[in-house]
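These are my notebook entries on a structure that I am reading for the first time. I wrote down what I looked up, one topic after another.

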Amino acid sequence: MEIFTQQLINGLVLGSIYALVALGYTMVYGILGLINFAHGDITMIGALVALTVVQALAAAGVPAPLVLVLAGGCAILVCSLLGLSIERVAYRPLRRAPRLAPLITAIGVSILLQYSAALIWGKQYIALPKLIEPAAINIGGAQMTTLQLAIFVLACAIMAVLLWFIKASRMGRAMRATEQNPDVAGLMGVNTNAVIAFTFVLGSAIGAVAGLMVVLYYGIGHYFMGFMLGLKAFTAAVLGGIGNVGGAVMGGLLLGIIESMASGYIGDLTGGVLGSNYRDIFAFLVLVLVLVIKPSGLMGQAGGDRA
Amino acid sequence: MSRGKLLEVRGLEVAYGGIRAVQGVDLAVAAGEIVALIGANGAGKTTTLKALCGLLRPKSGSLHYEGADVTGKPAYHLVRKGLSLVPEGRGVFPLLTVAENLAMGAYIRNDHDAIRNDFDRVYALFARLAERRNQLAGTLSGGEQQMLAIGRAMMSRPRLLLLDEPSMGLAPLMVQKIFETVRAIAAEGVTLLLVEQNARLALETCSRGYVMESGRVVLEDSAAALLASPRVRQAYLGE
Ligand SMILES: Nc1ncnc2c1ncn2[C@@H]1O[C@H](COP(=O)(O)OP(=O)(O)OP(=O)(O)O)[C@@H](O)[C@H]1O
Ligand SMILES: [Mg+2]
């Protein structure tokens with residue numbers, strides 16, 4: 001039972017990070033019908049920018065909370081500009097091109113970001129300097145660190161505000177209108193190019209926060225870290241129903257839990273043949289199963305895809 | 001550029017790739033007029049309206065609105081100037097509620113009290129919409145969607161309203177209702193350019209009309225004269 005509670009906690013924390021990244025995939029897919037494969041790498045850039053800021057400031061003796069805020073702020077700024085430029089330069093010219101063209105471009109942008117990061121930060125793992133000593137809280141025999149709690153609460157707060165924003169604000173309504181019919185949205189006075197650019201910025205900024213969380217959680221960063229994170233978040237988005245923001249939240253949390261549970265029990269289940277280092281298998285098992293059984297995902301409306 | 005014209009189109013040409021859908025259309029609408037644009041399927045009426053409201057870029061020709069050259073200006077710019085289109089096939093946002101669709105109509109405005117009044121006005125005009133304000137627009141009937149599309153355009157407080165086949169696919173009673181509303185809108189001083197398959201109804205509603213064939217305007221006259229014209233009677237009134 002302790003294992004169960006423990007893995008549930010770990011899964012929710014991990015899942016909330018997946019969910020944040022999944023939102024970036026799903027929002028862009030919703031509005032453009034494009035899978036922005038570079039999104040995981042935007043998150044990676046956010047993570048490495050945050051790491052660099054932490055390294056510089058921690059060495060200078062700046063207090064930890066301020067370091068975190070500045071690291072997050074710089075990551076958000078860099079990722080927002082990156083998302084804005086990628087949309088403008090790489091995707092907008094291909095808006096009316098066949099679907100394969102922007103998809104290949106997305107993969108190209110992803111590789112470009114990875115190797116640019118390798119040039120800037122090198123290919124070795126970068127360790128996070130000791131910033132805070134998280135305390136542990138006892139929950140039903142399982143442990144939750146204050147860091148885990150902070151990540152989970154912040155992620156949930158961001159998601160709640162985002163869902164509210166899309167549901168109730170004027171801009172959110174314009175985003176949904178643009179998604180459903182860009183021409184008619186234009187007739188209503190919506191500058192759809194600006195709305196699409198805004199969507200990229202929003203997704204990238206949230207990805208930057210997720211990047212900071214990953215760095216804090218695992219204590220390291222790497223130029224290739226966006227690949228696996230991106231694939232898992234993409235899986236989460238597909239699981240929830242790609243294009244559906246509520247679905248991305250649910251898919252992220254669910255995937256985190258599935259992965260944690262599986263890695264917690266995989267040793268017992270396979271008689272010790274497979275260890276918890278095989279956890280990554282489960283994300284892709286989930287992806288394949290969803291694509292085979294219910295490609296529209298848990299919350300996707302059937303036929304809602306504007307293919 | 002003559003005075004008193006709200007909209008003036010000169011030598012408009014629009015093409016889809018190699019297909020020349022509109023081939024040199026001249027057209028003018030004065031403030032306060034109700035003008036019909038009729039023609040057979042594929043004549044280029046929708047294409048003309050889309051070019052007028054900025055959804056399509058003309059290949060050549062010029063558009064003047066309120067005396068200013070607006071050739072090539074995007075739709076989101078023109079609607080701010082009071083030029084609004086009710087598109088063919090209604091174009092409601094299917095996954096937004098009725099109220100959210102109307103709110104999109106008022107997207108360019110921020111006079112919140114007046115917007116609230118306009119909501120009430122649209123709901124008074126179309127009681128069916130008032131009952132269904134929290135229903136998703138995609139689940140409305142065709143007639144209700146047409147009411148919503150017109151109501152939504154009204155929410156932008158247009159000066160010039162372009163209507164593309166508002167009667168399409170509607171039962172006679174609903175067509176009556178829609179046209180009553182169109183007349184009521186005109187009576188409020190909104191200038192109208194109306195595209196219709198139902199030529200008789202259009203010409204009976206309007207004061208002036210244009211007839212399009214294969215991308216060109218072939219006739220232009222007062223509605224009464226067009227209704228009496230043998231060519232129109234034979235080709236469009238089924239006589
Ligand atoms: N997106 C498009 N791509 C290519 N050709 C198009 C496109 N839209 C319209 N056309 C062509 O342009 C011509 C004019 O079409 P348009 O829709 O303007 O006609 P219309 O007068 O509105 O007809 P209807 O009364 O049937 O609505 C037609 O020959 C049509 O096939
Ligand atoms: Mg048409």
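I looked up which way the side chains of strand β8(B) point, and found T191(B), L193(B) and V195(B) on one side and L192(B), L194(B) and E196(B) on the other, all of them buried, where buried means under 20% relative accessible area, exposed over 50% and partly exposed in between, with a 1.4 Å probe and protein chains only. The strand runs over residues 191-196 of chain B, and 6 of its 6 residues are buried; strands (E, at least two residues) and helices (H or I, at least four) are DSSP runs numbered from the N terminus.

I note that this is a predicted model, in which local features need pLDDT of at least 70 and side-chain atom pairs count only at pLDDT 80 or more, while totals for chains, interfaces and linings use all residues. Residues are numbered from 1 along each chain as its sequence is written, chains are lettered from A and ligands numbered from 1 in the order in which they are written, and side-chain values use heavy atoms, with hydrogens and water left out.

Next I checked the neighbours of β8(B), counting two strands as paired if DSSP finds at least two bridges between them. Strand β3 (residues 34-39) of chain B pairs with β8(B) in the parallel sense over 5 bridges, and there I34(B) stands opposite L192(B). Strand β7 (residues 160-164) of chain B is also a parallel partner of β8(B), over 5 bridges, with L162(B) opposite L193(B).

I then asked which residues touch the most other members of the largest nonpolar core. They are M104(B), L162(B) and L193(B), in a core of 126 residues, a core being a set of buried Ala, Val, Leu, Ile, Met, Phe, Trp, Tyr and Cys residues joined through side-chain atoms within 4.5 Å. Helix α1 (residues 2-32) of chain A gives this core its largest share, 15 residues.

Turning to the two chains, I found 18 residues of chain A in contact with 20 residues of chain B, contact meaning heavy atoms within 4.5 Å.

Last, I looked up the magnesium ion (ligand 2), which is coordinated by T46(B) through OG1 and E88(B) through OE at 1.9 to 2.3 Å; donors are N, O and S atoms within 2.8 Å of the metal (3.2 Å for Na, K and Ca), and because water is not among the atoms, sites may look incomplete. T46(B) lies in helix α1 (residues 45-52) of chain B and E88(B) in the loop between β6 (83-86) and α3 (98-105), 42 residues apart. T46(B) is buried at 18% relative accessible area, whereas E88(B) is partly exposed at 36%.
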